Amino acid sequence: MPQEKPPAVHKRVMYPGSFDPFTNGHLDLVERAAALFDELIVAVAVNMEKTPLFTIEERTELIRQCVGHLPNVSVIMFQGLLVEAMTVFDAQAILRGLRAFSDFEYELQMALMNRSLKEQCETVFMMPNAKNSFVSSRMVKEVAMLRGDFAQYVPEPIFHALKKKIDGGNLK
């Protein structure tokens, strides 16, 4: 006897980060997660520990340009606790990328803290594809500021914006 299909459950995941700048590694994670979840929210965060190169508004707009081909992906700005943003946007899980084992300890602590703040908070970890496994925003900025070729590490809108910021001397 055939089993009945279970009722559909809408799954929304939130991918938080400072994304300064958004890299091909970030985009890879967004594209793959967008295929797994009904909705993905890229949550551009204010990180008090970092001095960003781009304003939060610039980062948000640039990411929107990079993910515009994905109909189930939206980009928002937020400040404060991630678990509060999850509640506001009705997200069921947090998406985090793990490039190396060294990322795991920090991400585990963050996932456990978030769960202690909101019991229903789940964290989903994804690995980048091999070609992006070493790319970080910090490294991209460093290569760009030293006038190295960084085009292969970032989506095209980010490349042009970062090049303009460096060439125009608009560095903070």
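Leaving aside neighbours within four places in sequence, which residues is Ala111 in contact with? They are Thr123 and Phe125, where contact means heavy atoms within 4.5 Å.

This is a predicted model, in which local features need pLDDT of at least 70, side-chain atom pairs count only at pLDDT 80 or more, and totals for chains, interfaces and linings use all residues. Residues are numbered from 1 along each chain as its sequence is written, and side-chain values use heavy atoms, with hydrogens and water left out.

Ala111 is found in helix H4; helices (H or I, at least four residues) and strands (E, at least two) are DSSP runs, numbered from the N terminus. Ala111 counts as buried because its relative accessibility is 12%. Buried means under 20% relative accessible area, exposed over 50%, and partly exposed in between (1.4 Å probe, protein chains only). From Ala111 to Cys121 the C-alpha distance is 8.2 Å, and the two are 10 residues apart in sequence.

The whole structure holds five aromatic pairs. Rings of Phe, Tyr and Trp (its six-membered ring) pair if their centres lie within 6.5 Å; planes under 30 degrees apart count as stacked, over 60 as edge-to-face and the rest as tilted. Two of the pairs are listed here.

| Pair | Centres apart | Planes | Type |
|---|---|---|---|
| Phe19 and Phe22 | 5.6 Å | 65 degrees | edge-to-face |
| Phe104 and Phe125 | 6.4 Å | 55 degrees | tilted |

The second pair links distant parts of the chain, 21 residues apart: Phe104 is in helix H4 (residues 101-117) and Phe125 in strand E5 (residues 122-126). Phe104 is partly exposed at 33% relative accessible area, and Phe125 is partly exposed at 28%.

Phe19 is buried at 4% relative accessibility, and Phe22 is buried at 1% relative accessible area. Together with Tyr15, Phe19 and Phe22 form one aromatic cluster.
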